Amino acid sequence: MDRSLLDNVISILMGAIVLYSFFLSYKPALRSLKSVAGDVKIKPRTWLQAIPKLVTTITLVLVILGIFNIGTFETGFNYDLYIRTLFLFLFALSIHLQVKSFRDLGVFYTQDIVLFGKQKIIDTGIYRYLRHPAYFFQFISSFSAAIALESYLIMLFFLLIELPILIMRSDFEEDFLLKHCPNEYKAYSQSTLKWIPYILPEKKLKE
């Protein structure tokens, strides 16, 4: 396939996936706002509330720039078509699974770290296997977007900023839930994985 044609096809499909992800995320976000408004019991003050949301927004901006071939480069690989197509598929799949993780949380879905008055540890759907699927699939989507778009901006931002910050946020969330829901969350953590083994380190929860 001609190089320019491949770039255009990848960009169009990536843009369509991004728009579709907004459509998928709209309903769970709206339902969450209606269902839990005013039910927040504890909201810790920490930079890990706002900064990670800013980081994911910047990642989205970098993806949009990549769609318009800004911050990209040509690898020159012989199997360029197959590699980029594979990671485009992984990007779409990870976006779908990330949105599913939002839906699995139901009324407890929120972008903030909070404890609700009727807090419940969700252990169904994807949460039956992973404790932080939203972050994990965010990692996969960012890495996949960088490869599919051949964007050095996305890859550098992902490795140097997004990955470490979201890992720190997940650690904070675990300590927070273990403090306020000690028995339920400890039991849950013992039957699930924080991340896929050998890809990202598993944090040992404090007693």
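A: Buried residues make up 45% of the 207 residues in the chain. Buried means under 20% relative accessible area, exposed over 50%, and partly exposed in between (1.4 Å probe, protein chains only). This is a predicted model: local features need pLDDT of at least 70, side-chain atom pairs count only at pLDDT 80 or more, and totals for chains, interfaces and linings use all residues. Residues are numbered from 1 along each chain as its sequence is written, and side-chain values use heavy atoms, with hydrogens and water left out.

The chain has six helices and two strands. Their order along the sequence is α-β-α-α-β-α-α-α. Helices (H or I, at least four residues) and strands (E, at least two) are DSSP runs, numbered from the N terminus.

Now the core. The largest nonpolar core holds 32 residues. Met14, Val63, Phe91, Phe139, Leu149 and Ile154 have the most contacts inside it. Such a core is a set of buried Ala, Val, Leu, Ile, Met, Phe, Trp, Tyr and Cys residues joined through side-chain atoms within 4.5 Å. At least two residues of this core come from each of α1 (3-36), α2 (47-67), α3 (80-105), α4 (133-149) and α5 (152-180). A second, separate core has 18 residues, including Phe102, Leu177, Cys181 and Tyr185. In soluble globular proteins, nonpolar side chains tend to be buried together.

Look at Ile154. Neighbours within four places in sequence aside, Ile154 is in contact (heavy atoms within 4.5 Å) with Leu62, Val63, Ser142, Ala145, Ala146 and Leu149.

Next comes Met155, in helix α5. Met155 is buried, with a relative accessible area of 17%. Again leaving aside neighbours within four places in sequence, Met155 is in contact with Phe143, Ala146 and Ile147. Thr59 lies 96 residues from Met155 along the chain, and their C-alpha atoms are separated by 9.7 Å.

Arg84 is found in helix α3, and its relative accessible area is 2%. The Arg84 side chain makes a polar contact with the side chain of Asp7 (2.9 Å). A polar contact is a pair of N or O atoms within 3.5 Å; within protein, one must be able to donate a hydrogen and the other to accept it, and residues adjacent in sequence count only if both atoms are side-chain atoms.

Across the chain, residues 24 or more positions apart account for 82% of the contacts with a separation of 6 or more.
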